[in-house]
Amino acid sequence: MKLTLWTYEGPPHVGAMRVATAMKGLHLVLHAPQGDTYADLLFTMIERRDHRPPVTFTTFRASDLGGDTAGLFKSAAQSAYDRFQPQAMLVGSSCTAELIQDDPGGLAKTMGLDCPVVALDLPSYSRKENFGADETFLALVRALAKPMARTEAITCNLLGATALGFRHRDDVAEITALLAKMGVTVNVCAPLGATPDDLTRMGQAHFNVLLYPETGEGAARYMERAFGQPFTKCVPIGVGATREFIREVAGITGLSADVDETGLRQPWWSASVDSTYLTGKRVFLFGDATHVITAARIAAEEIGFTVVGMGCYNREQARPLRAAAAKHGVEPLISDDYLEVEAAIAAAAPELILGTQMERHIAKRLGIPCAVISAPVHVQDFPARYSPQMGFEGANVIFDTWIHPLVMGLEEHLLTMFREDFEFHDAAGASHHGGKAIARVEDSPAVAALAAAVAASAPATVPVVAPSGEVRWLPDAERELKKIPFFVRGVAKRNTERFAAGKGIADISVDTLYEAKAHYAR
Amino acid sequence: MSLDLPLSPGCSAAPVLRERGQHEVFCGLTGIIWLHRKMQDAFFLVVGSRTCAHLLQSAAGVMIFAEPRFGTAILEEKDLAGLADANAELDREVGRLLARRPDIRQLFLVGSCPSEVIKLDLARAAERMNVQHAPHVRVYNYSGSGIETTFTQGEDACLAAMVPALPATDAAELLVVGALPDVVEDQCLALLNAMGVGPVRMLPARRSGDMPAVGPNSRYILTQPFLGDTAAALDRRGAKRIAAPFPFGEEGTTLWLQAIADVYGVTADRFDAATAAPRARARKAVAAHAATLSGKSLFLFPDSQMEIPLARFLARECGMRPLEVGTPYLHRALMEPELALLPEGPMLSEGQDVDKQLDRHGAQAPDLTVCGLGLANPLESQGFTTKWAIELVFTPVHFYEQAGDLAGLFSRPLRRKALLTAGAKP
């Protein structure tokens, strides 16, 4: 048993729903109790889908358990087939049905439905949502795709885009357009937008583009083995990765890698002097492994940040993440416990967090700027506007998104110059974070009392300078530390304490602070 | 509206369509979302699967706190192998939790579908932990599983589990039962106070130290229609229920207060003095929305058991025409005063076969549809106007001062539709 407060991933049957909802002409029958339909609203609300997910739940009750839950499953499957007339059906169990051990696959087989029925094995007590999606897609491809003669023109399949995927809709559009520029046509994009009939035609493509390893790798590996279709290994998020992806496709197809980059603005934006202040900014990355690994490359090579921490919640992709972390010289964090992530962020004292919805909340609590790079996400990250992460437009989108929450360059200089600025002090909070600005406290008792009342009513948004126990901050040094702009104060404090500990200094003075600053000067 | 009983028999004898099929509803675990805000020293520990944790998180939306006061002890494969192990695991997780949160005074072990199916005995676990952690922490157990409870029934199961542990008393106190937003609770207490009714106790109380006592002289009244098991548990403690419609709208609130006034011998003058001003305010506030709602047809999918009282309010005070009133569960005894008031006409349905119900809905093409979030956008995209039902549980809607807000929840989607239609290109 493991106590969990918030989860990064849902159960595996939600992954199966993501595949079913992504497709058309497919229906999923889930053996599940009343209440599991909650997952419908992820699709209708967060993704704002205008139709019900193509999923039927058997809705068994306690009173059914002694009796014929298998019969209940069969009647639900039959009426779903009669009503929706799908080209193919998926059948599986949610966590509770896994325990009562009816066998949806076996039961469906005895029904003689007039369409392919694919049985899913979703181990709810050991695996999670991404596994469920990957496994469901693999099961579908295995059941439906057949070896075929290659198309005359060079075509590929796009693999891994699903419902509830972070920017999957626009990534598919961007990569389809990029491939078209190279002369490659998309044969089938799946699961997103595909029908079961489309899946039967997947074998005729020359190769596969694996957009999202989390949800498409199983199928990509199967098709490589079964149909001899190579698949791309580089995920085209970031300018460097996109160019590498283009070279990879050129290598597979023999087409030219010389692709028109009109519309790509990110390299110039990043090179312009306005961006100089971004150099070496400390960034912490967390999310699914694919988005974190690609984001780390962008951060380090294309924007000039320093990666001070990276991790992922999906253990399936731990190995590539560990390799990437080693390249950036940081300790990899593989965890699905958000309290552990919070502790790692606090310890790394970053100036920017790139993460999921959970990290947005952690960032808000710590008063650190943040941008979202990965699922799980809330409704605002299924935007109405075109906002891919992949390809050249994706690079433009990413630059804007990541820079937006940061204090701007001139503002930062002025803050350092006028350290005790009365309007833009630490209690006022970081740029673009919610909350009313609080005026700086003057040292009169009445104002101090008022400020204390305000501070008590407002949640703390800024890391407080608190003694760490081992070394003591002398009052002068502590005052000096508070003059350092809040977005670098955490790291200044930590460096000074480490410096003091290394030198055996017990009391930190103003001199110690500046000696440490000189020591760690970058 | 007048307090006269309707001339027609209402829906008391109306037939009820009972259906069985796919239910598009939440399970009882969802009640934790509002119960943990109401009971400020309580922690709700679901013993279940990742699905349970994911449900709570999806339903709680952005309510991420530094340390939320609910969580899920997720069953893993090794827990399913042997049950003795599961008990030891649970003891360890609870011990760890209580050590980290010394402010917790009430711990609810909440059963789920998986824990019920493997027959993990949480009642005994709660007893065992009560001995271990007494007197600082009181441990309760109830089931919020989908195989046993629908949405708001989770609150019922929770409160019913607390009743046997309430202290005994012979005092003639009034218990107001049902978790209400603090602001509404205060208004309720002020009204009862103005009528001279007291002492009044709330179940649940905001903190464990304020829990009411109960005994043979206690009278109790429900503020929510879904509290059948809690009522039965209070009956078993000897308390007597005051039957009344539920305090939605001006009429519902007045009849609810009147039922108490009758029992406590409040004079008509005193009753009028206490209620005349807020009644007038409520009528005025509702009238502002009735203009939009009057004459419009209404279809309610089952969700919270609040459907019948809401249909009664919308029909009688806002002039709407209910076509079908669906409820997940119809408790005849509790609903009798409501059914008598609900004008004849609508089909009453209990349970659900969502596909068939959608067919009926489509054929009737109502002006306003009250439904869950899984259906709302799909119906909107087909041109229907919907009001998502969960908001009715998460928003203050009881008593006089909220009557206008309650009507507003239903008029807003219609007004919005009109605004956007007017703004759309022909």
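K119(B) is exposed, with a relative accessible area of 64%, where buried means under 20% relative accessible area, exposed over 50% and partly exposed in between, taken with a 1.4 Å probe on protein chains only. This residue sits in the loop between α5 and α6 (122–133) of chain B, the helices (H or I, at least four residues) and strands (E, at least two) being DSSP runs numbered from the N terminus. Although K119(B) is not a glycine, its phi is positive, at about 55°.

The structure is a predicted model, in which local features need pLDDT of at least 70 and side-chain atom pairs count only at pLDDT 80 or more, while totals for chains, interfaces and linings use all residues. Residues are numbered from 1 along each chain as its sequence is written, chains are lettered from A and ligands numbered from 1 in the order in which they are written, and side-chain values use heavy atoms, with hydrogens and water left out.

Chain A also holds a residue other than glycine with a positive phi, Q85(A), whose value is near 45°. Q85(A) belongs to the loop between α3 (69–84) and β4 (88–93) of chain A, and it counts as exposed at 52% relative accessibility. Two cis peptide bonds can be visited next. In chain A, the bond from A190(A) to P191(A) is cis, with omega near 0°, and P191(A) lies in strand β7 (residues 185–191). In chain B, the bond from L203(B) to P204(B) is cis, again with omega near 0°, and P204(B) is found in the loop between β7 (200–203) and β8 (219–222).

Within chain A, helix α6 (residues 129–144) has 16 residues and reaches 23 Å from its first C-alpha to its last, close to the 22 Å expected at 1.5 Å a residue, the expected span being 1.5 Å times one less than the number of residues. This helix is mostly covered, with 13 of its 16 residues buried. Strand β6 (residues 155–161) of chain A contains C156(A), which is buried with a relative accessible area of 0%. Among the residues that C156(A) touches, beyond those up to four places away in sequence, are L179(A), V186(A), A205(A) and F207(A), a contact meaning heavy atoms within 4.5 Å.

The two chains meet in an interface to which chain B gives 66 residues and chain A gives 55 residues. Together they bury about 5300 Å², 60% of it on carbon and sulfur atoms, where buried area is the accessible area (1.4 Å probe) that two parts lose on being put together, summed over both. Across this interface there are 6 salt bridges, a salt bridge being a side-chain nitrogen of Lys or Arg within 4 Å of a carboxyl oxygen of Asp or Glu. The side chains of R20(B) and D64(A) form a salt bridge, at 3.2 Å from N to O.

E24(B), in the loop between β1 (16–20) and α1 (32–38) of chain B, is buried with a relative accessible area of 9%. The residues that E24(B) touches, apart from those up to four places away in sequence, include T37(A), D40(A) and R52(A) as well as Q352(B) and V354(B).

Over all chains, the whole structure holds 47 salt bridges. R297(A) pairs in this way with E244(A), the closest N and O atoms being 2.8 Å apart; R297(A) lies in helix α12 (residues 289–303) and E244(A) in helix α10 (residues 239–253) of chain A, so the pair links distant parts of the chain, 53 residues apart. R297(A) is partly exposed at 24% relative accessibility, and E244(A) is partly exposed at 31%.

E497(A) is buried at 12% relative accessibility, and K493(A) is buried at 17%.

In chain B, E250(B) and R279(B) form a salt bridge whose closest N and O atoms are 2.7 Å apart. E250(B) lies in helix α10 (residues 249–264) and R279(B) in helix α11 (residues 268–293) of chain B, so the pair ties together parts that are 29 residues apart in sequence. Both E250(B) and R279(B) are buried. Elsewhere, salt bridges that share partners join R52(A), R83(A), E24(B), D355(B) and D359(B) into one network.
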